[in-house]
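Subject: Handover of a protein structure

Dear colleague,

Please find the structure below, together with its sequence.

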Amino acid sequence: STGVDHIVWAEVDVNMHGTADFTVSAAPPSLTLTGVGTAQYTVVTSSAYGFAGPVSLSVAGLPAGATPTFGPSTFNLDGINPVYSTMAITTTASTPTGTSTLTVTATGAGYTHTATVSLTVGASTVQQNTFTTSPGGLSFSVDGTSYTTTQSFNWATGTGHTASSPPVQTDTAGTQWGFAGWSDGEPSPTR
């Protein structure tokens with residue numbers, strides 16, 4: 001040995017690049033609503049390998065009577081920063097109870113990626129009550145407040161309310177109308 005150390009340098013080329021693309025995720029994984037309401041999820045769309053370009057979101061698998069709202073639903077990824085979107089699912093009185101798997105789809109530049117969440121709709125604690133008259137536009141009162149038809153009220157199940165109709169009333173054309181009974185057959189004008 002000559003007392004000289006030899007240093008050998010080796011160059012390693014690691015390909016850290018893939019095809020520019022993006023990913024999508026949604027959270028929380030599940031939400032539960034009791035009857036009419038809005039469930040809010042967060043959808044995160046992130047660039048992979050520098051993807052930059054427009055992406056649009058949609059959702060499938062909604063239960064009947066439910067509507068989605070995204071904020072935003074279409075956006076541009078800049079290749080660095082993720083985009084956080086709110087996905088709000090609003091149910092109505094006609095939305096059936098049960099659990100639905102919602103598939104969130106992100107589409108852009110020929111790529112499509114999905115994420116799934118679940119929504120459980122339980123029995124409503126709110127009951128919608130609609131008052132109509134024949135002919136329309138006649139008056140009635142609920143809990144001492146006067147209204148003209150048609151009117152709808154959302155009341156918590158099990159709460160009590162007093163509804164009444166005048167025994168005789170005159171419409172705007174001057175025709176008199178007599179109270180004939182409620183739709184369930186109750187003959188008394190006050191209940």
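Predicted model: local features only at pLDDT ≥ 70, side-chain atom pairs only at ≥ 80, totals over all residues.

Residues are numbered from 1 along each chain as its sequence is written, and side-chain values use heavy atoms, with hydrogens and water left out.

Surroundings of Met 87

Met 87 counts as buried, at 0% relative accessibility. The term buried means under 20% relative accessible area, exposed means over 50%, and partly exposed lies in between (1.4 Å probe, protein chains only). Apart from neighbours within four places in sequence, Met 87 has contacts that include Ala 39, Gln 40, Tyr 41, Val 43, Val 59 and Phe 70, where contact means heavy atoms within 4.5 Å. Thr 42 lies 45 residues away from Met 87 along the chain, yet the C-alpha atoms of these two residues are separated by 6.1 Å.

Strand pairing

Which residue is the bridge partner of Tyr 41 in strand 7? The partner is Met 87. Strand 3 (residues 38-48) and strand 7 run antiparallel and are joined by eight bridges; two strands are said to pair if DSSP finds at least two bridges between them. In general, strands of a sheet pair through backbone hydrogen bonds, either parallel or antiparallel.

Five bridges link strand 4 to strand 6 (residues 74-78), and Gly 53 has Leu 77 as its bridge partner in strand 6. Strand 4 is also joined to strand 8 (residues 98-108) by five bridges, with Thr 103 in strand 8 as the bridge partner of Ala 60.

Aromatic residues

The count of aromatic pairs comes to nine. Rings of Phe, Tyr and Trp (its six-membered ring) pair if their centres lie within 6.5 Å; planes under 30 degrees apart count as stacked, over 60 as edge-to-face and the rest as tilted. The rings of Tyr 147 and Phe 153 have centres 5.0 Å apart and planes at 80 degrees, so this pair is edge-to-face. Tyr 147 is partly exposed, with a relative accessible area of 25%, whereas Phe 153 is buried at 12%. The rings of Phe 179 and Trp 182 are also edge-to-face, because their planes stand at 65 degrees, with the centres 5.5 Å apart. Phe 179 is partly exposed, with a relative accessible area of 23%, and Trp 182 counts as buried at 16%.

One aromatic cluster is formed by Phe 131, Phe 140, Tyr 147, Phe 153, Phe 179 and Trp 182. Trp 182 is located in the segment after strand 16 (176-178). Beyond its neighbours within four places in sequence, Trp 182 is in contact with residues including Phe 131, Ala 163, Pro 189 and Arg 191.

Salt bridge

How many salt bridges are counted? There is one, where a salt bridge is a side-chain nitrogen of Lys or Arg within 4 Å of a carboxyl oxygen of Asp or Glu. Arg 191 forms a salt bridge with Asp 184, and the closest N and O atoms are 2.7 Å apart. Arg 191 is partly exposed at 40% relative accessibility, while Asp 184 is exposed, with a relative accessible area of 53%.

The chain as a whole

The protein chain has 16 strands and zero helices. Of its 191 residues, 29% are buried. Among contacts with a separation of 6 or more, 57% are between residues 24 or more positions apart.

Yours sincerely

Methods:
Helix = DSSP H or I, 4+ residues; strand = E, 2+ residues; numbered from the N terminus.
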